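This report goes through a few parts of one structure. Please have the sequence and the model in view while reading.

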Amino acid sequence: MASSSPRRRELLSLAGYEFTVDPPQKDEPADLDISSPIEYAKWLAHFKAAEVAERYPDDMVLGADTVVACKGRIMGKPADAHDARKMLAELSANRHVVITGVAVLGPAGRSLIQADETAVTMKPMSAEEIEDYIQSGEWEGKAGAYAIQETADRFIVKLDGSFSNVVGLPMELLEKMLKKTRM
């Protein structure tokens, strides 16, 4: 798995997969000119998987990347607490889409790259609620500055799609992709 995400590791372990964790060594390019959130997430997932696949040419490598799209803006991981506050204020009382790109690369150039989307609607959050959440530190390293699997679920009023996608790895999609690679 081309990721150091403890959430992805937990999802794969709970599903019974055996895997090795080897995160990419290269930083993601900061100057990508991809305006489609779906294409952006897929590109990042492929970037991560391809870099790690070079070290494991005979193995199947999984890469994933999650982004949040709200009002036409792509949100990745916040740079700092100030950035997280802005993201949460924008998500408050709004519907957004969580998109996870998934890349499965295997021997002999086999590859599948897809994405899953989950629509999430958040309740209105007060400045105090946002500040309390910022102080918790749960926002760190999370696309859109929240973790639904921790305590941010209290802000969610509606979820249309895969819960595991919002956590960071759409297990339903991954299973379909892995079945295709076995054919």
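Which residues does L88 touch, not counting residues up to four places away in sequence? The model is a predicted one. In it, L88 touches M125, I130, Y133, I134, G144, A145 and Y146.

## Nonpolar cores

L88 is among the residues with the most contacts inside the largest nonpolar core, together with L62, V102, Y133, Y146, L169 and L174. This core has 39 residues. At least two residues each are supplied by α1 (6-14), β1, α3 (81-91), β3, β4 (111-122), α4 (127-136), α5 (163-167) and α6 (171-182). The largest share, five residues, comes from α6.

Another core, of eight residues, lies apart from this one and includes A49, A53, V61 and A103. In soluble globular proteins, nonpolar side chains tend to be buried together.

## Helix α2

Helix α2 covers residues 37-53, 17 residues in total. From its first C-alpha to its last it reaches 24 Å, close to the expected 24 Å.

The buried residues of α2 are Y40, A41, L44, A45, F47, K48, A49, E51, V52 and A53. They pack against β1 (61-70), β2 (73-75) and β3 (95-105).

## The loop between β3 and β4

P107 is found in the loop between β3 and β4. Its relative accessible area is 24%, so P107 counts as partly exposed.

Leaving aside neighbours within four places in sequence, P107 is in contact with P57, D58, D59 and M60. L159 is 52 residues from P107 along the chain, and the C-alpha atoms of the two are separated by 36 Å.

Key
Residues numbered from 1 in each chain as written. Predicted model: local features only at pLDDT ≥ 70, side-chain atom pairs only at ≥ 80, totals over all residues. Heavy atoms only, no water. Helix = DSSP H or I, 4+ residues; strand = E, 2+ residues; numbered from the N terminus. Expected span 1.5 Å × (residues − 1). Buried < 20%, exposed > 50% of the residue type's maximum accessible area, 1.4 Å probe, protein only. Contact = heavy atoms within 4.5 Å. Core = buried A, V, L, I, M, F, W, Y, C linked by side-chain atoms within 4.5 Å.
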